[in-house]
Amino acid sequence: MVNTGTIIYEPGSSANNKTGSWRVFKPILDKEKCVMCENCYIFCPEGCIQEKNGKFEIDYDYCKGCLICERECPVKAIKAEREEK
Amino acid sequence: MCEIKVITGTSAAAEAAKLADVDVIAAYPITPQTTCVEKLAEFVSNGELDAEYIKVESEHSAMSACIGSSAAGARTFTATSSQGLALMHEVLFSAAGMRVPIVMMNANRALSSPINIWNDQQDSLAERDSGWIQIYAEDNQEVLDSVIQAFKIAENENVLLPVMVNLDGFILTHTVEPVTLPKQENVLEFIGTYEPKHAYLDPKKPITQGALGDPNYYMETKYAIEMAMKNAEKVIVDVHDEFKEKFKRGYGNGLIECYNLEKAETVIVAMGSICGTIKDVIDAKKKEGKEIGLLKIRCFRPLPIEMIKDALKNAKNIAVLDKSISLGMNKGIVYVDVVSSLKNKKTVNYIVGLGGRDITFEDILEIYTDVETSEDGKTIWLGLKE
């Protein structure tokens, strides 16, 4: 699982580490309420909110649950839920 | 032909690093290690040793520079003592975790406060859990031989751990003894050149070293070190055997040394230079028809528990000598480690020579008589003043 000396031999391999397991709260986006203002997209420190087919989606594999998106959403389209383990 | 020089323990360590043809030395001077790094600086400046000598502003920086150079693929050496080793504490763990085969000489010296430059083994024993292999030398010849062996052990593919060679401050560091210096070509033939496979700088193959290891990975890295320590036990014995074959000198089996253990019911367990005095006491008592044994622990990490258990199987009274103290437990560090693996044995712990207090021939005699009558599990601070 781990190389000797925890050396990383491939650039960009950090994408293999799914950091979503760190999350305690999970942001849920209500796509009906969303006005596509892009605030959540701009403020997400992990870059895990992306536009897909004209709507925003949250990539839960990497979202650490900081909830900055919930705070910044001007129309309260993002709600936090406790992560089910 | 070998050359015999009358030199100090620190010079012996410096000569060994030179014989091993180290590439990088990063060090900061601290009593009583100073003469070692001075000697190495001299070797580099007069062209006897082709190495990069990095002058740093502290021991923390010295070890950091060593980690960098070793991670770049260079054979690396440093030396320290006491407060300097304590200042390295944080980066010692990094070195072990990054699996860089640095070799370090440590001049055993007491830790402050009060400020004390004299010998005990508290400094290195306080770093026992850092993941460094720890070897303790009895005399200056063993210092030289251990540093040479340390490179071969550290750089072994199944080990790849940093090695600390410890010698008692002043008792060895500043005492001159005749030391046989092997020829460099023979030493290099013995150690081989360091060809790093896991960690080296190559612009064509960029790698990340010392990265974050989140809870998904951290435990496995520590377990890997534990496995490497396990491998090191065998490697240390093999390297020692090979050294003995080539240079005709040996120290027990490389991990422990048994002196008059077979017949003795009373056995003293000790590490470092004090073993010489104990051997003298054993020889003197033998003439009187009394048998005492010595179990010298040469390698404290990895600690060869099974061998120690086996070596002590006939012993009735075991005196463990400690030049260290785990405060708040009133036990020496060696005692705690050794006794944790012994059952149904009478053991007495003697705290001796802290901060450089002399341990004499008479003290060892007193321990010998005392251990027979003392109760099991007792700790005795030998020669404590009122």
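**Exercise 1.** In this predicted model, determine which residue forms a salt bridge with B:Lys279 and how far apart the closest N and O atoms are.

*Solution.* The partner of B:Lys279 is B:Glu138, and the closest N and O atoms of the pair are 3.0 Å apart, which falls within the 4 Å cut-off for a salt bridge. Turning to the sequence, B:Lys279 belongs to helix α9 (residues 274–287) of chain B, whereas B:Glu138 sits in the loop between β6 (133–136) and α6 (140–154), so that distant parts of the chain, 141 residues apart, are linked. As to accessibility, buried means under 20% relative accessible area; B:Lys279, at 13%, is therefore buried, and B:Glu138, at 11%, is buried as well.

**Exercise 2.** Work out which strands are tied together by the salt bridge between B:Lys296 and B:Glu257.

*Solution.* Begin with the contact itself, in which the closest N and O atoms of B:Lys296 and B:Glu257 are 3.1 Å apart. B:Lys296 lies in strand β11 (residues 292–297) and B:Glu257 in strand β9 (residues 256–259) of chain B, so the bridge ties together parts 39 residues apart in sequence. Both B:Lys296 and B:Glu257 are buried. Finally, the two exercises meet in a network of salt bridges that includes B:Glu138, B:Lys279, B:Glu257 and B:Lys296, together with B:Glu142 and B:Arg298.

**Exercise 3.** Decide whether B:Lys39 is buried or partly exposed, and locate its salt bridge with B:Glu42.

*Solution.* B:Lys39 has a relative accessible area of 24% and is therefore partly exposed, and B:Glu42, at 41%, is also partly exposed. Their closest N and O atoms are 3.9 Å apart, and the two residues, three apart in helix α2 (residues 34–45) of chain B, are separated by about one helical turn.

Conventions:
Residues are numbered from 1 along each chain as its sequence is written. Chains are lettered from A and ligands numbered from 1 in the order in which they are written. This is a predicted model: local features need pLDDT of at least 70, side-chain atom pairs count only at pLDDT 80 or more; totals for chains, interfaces and linings use all residues. Side-chain values use heavy atoms; hydrogens and water are left out. A salt bridge is a side-chain nitrogen of Lys or Arg within 4 Å of a carboxyl oxygen of Asp or Glu. Helices (H or I, at least four residues) and strands (E, at least two) are DSSP runs, numbered from the N terminus. Buried means under 20% relative accessible area, exposed over 50%, partly exposed in between (1.4 Å probe, protein chains only).
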